[in-house]
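This report walks through one structure for a reader who is meeting it for the first time. Please keep the sequence and the 3D view at hand while reading.

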Number of protein chains: 2
Amino acid sequence: MEAVPGALGTSASFALRLGQTIFSSASLLFMCLDVQFYSYTCFSYLVTVMGLVTPWSVSLALVDAYSVFVKCLPRQPRVLLVIIVGDCALSFLSLAAACSTASVASLLAEVGSPYCPSKICSRYQLSAAMAFMSWFLSFASTLFNLWLLPSL
Amino acid sequence: MEAVPGALGTSASFALRLGQTIFSSASLLFMCLDVQFYSYTCFSYLVTVMGLVTPWSVSLALVDAYSVFVKCLPRQPRVLLVIIVGDCALSFLSLAAACSTASVASLLAEVGSPYCPSKICSRYQLSAAMAFMSWFLSFASTLFNLWLLPSL
């Protein structure tokens, strides 16, 4: 097995997946709890995308944990390709969601109180920041796995 | 020279660059002409990014045109790497700009006339659509060049 740090089945990959799980679920929580997010399209979009990213990251974190702690799984090029394409698509979706949430939240914060009380507005912005972190980590996973692909 | 369609120096790449130039300058024109775009942060951001993408695409289109019509230039891995990194960064920036512009434009269209007369609002949306097309084409260029890189 090659020693590409961050590729599928290594401990660095496990750390990346764990980070994605934490950030995407934090973004989901900041957006969903006690906030009427469904009155704006882009906030609903963020919730949808983060609701896709969280189970994807959790399941891949479980695969990595099994591979690190129990038994090293064999890597198949097809499985890796599916994971790369999925990561790439989810990272684009989460970048798009983060950007639109951030811009709408800052616009609402500018317009002021009738549309967005300051406490809720800062939660929207926190949620967008968490989505940005999740995008960054899943893009890193994509690159590490893409690096590994030609050697299989 | 390898026959990867869409990689640097082929006619498909020339077509891609031409498309990027057209879409990014169309996005710039829709946003800039007779519109007070600088009153919103994300519209200024779109103008900045498209102002970067347009000269980048024009210069690479010129390189491709020279390579196709006059004399085939030798490909160097370092130059190709710089082009890939630049394309990738610009495609992320233009995706971010397109998403934030689209979400803010649709929010303004929902809020209605005092913030956004309907004629100007549809121009914002057209500009965002052009930025999306430009993102798609520059991401395609990135992928084609990345495909060529290991063979050099």
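Are Phe43(B) and Tyr124(B) buried or exposed? Both of them are buried, where buried means under 20% relative accessible area, exposed over 50% and partly exposed in between (1.4 Å probe, protein chains only).

## Basis of the model

This is a predicted model, in which local features need pLDDT of at least 70 and side-chain atom pairs count only at pLDDT 80 or more, while totals for chains, interfaces and linings use all residues. Residues are numbered from 1 along each chain as its sequence is written, chains are lettered from A and ligands numbered from 1 in the order in which they are written, and side-chain values use heavy atoms, with hydrogens and water left out.

## Two copies

## Aromatic pairs

Over all chains there are 13 aromatic pairs, counted when ring centres of Phe, Tyr and Trp (its six-membered ring) lie within 6.5 Å, with planes under 30 degrees apart called stacked, over 60 edge-to-face and the rest tilted. One of them, between Phe139(A) and Phe92(B), is edge-to-face, with 4.7 Å centre to centre and 85° between the planes. This pair crosses between chains, from helix H4 (residues 118-148) of chain A to helix H3 (residues 77-111) of chain B, the helices being DSSP runs (H or I, at least four residues) numbered from the N terminus. Both Phe139(A) and Phe92(B) are buried.

Phe43(B) and Tyr124(B) form a tilted pair, 4.2 Å centre to centre and with 35° between the planes. Because Phe43(B) lies in helix H2 (residues 41-69) of chain B and Tyr124(B) in helix H4 (residues 118-148) of chain B, the pair ties together parts that are 81 residues apart in sequence.

## Nonpolar core

A nonpolar core is a set of buried Ala, Val, Leu, Ile, Met, Phe, Trp, Tyr and Cys residues joined through side-chain atoms within 4.5 Å. The largest has 42 residues, and those touching the most other members are Phe43(A), Leu108(A), Tyr124(A), Phe43(B), Leu108(B) and Tyr124(B). Helices H2, H3 and H4 of chain A and H2, H3 and H4 of chain B each supply at least two of its residues.
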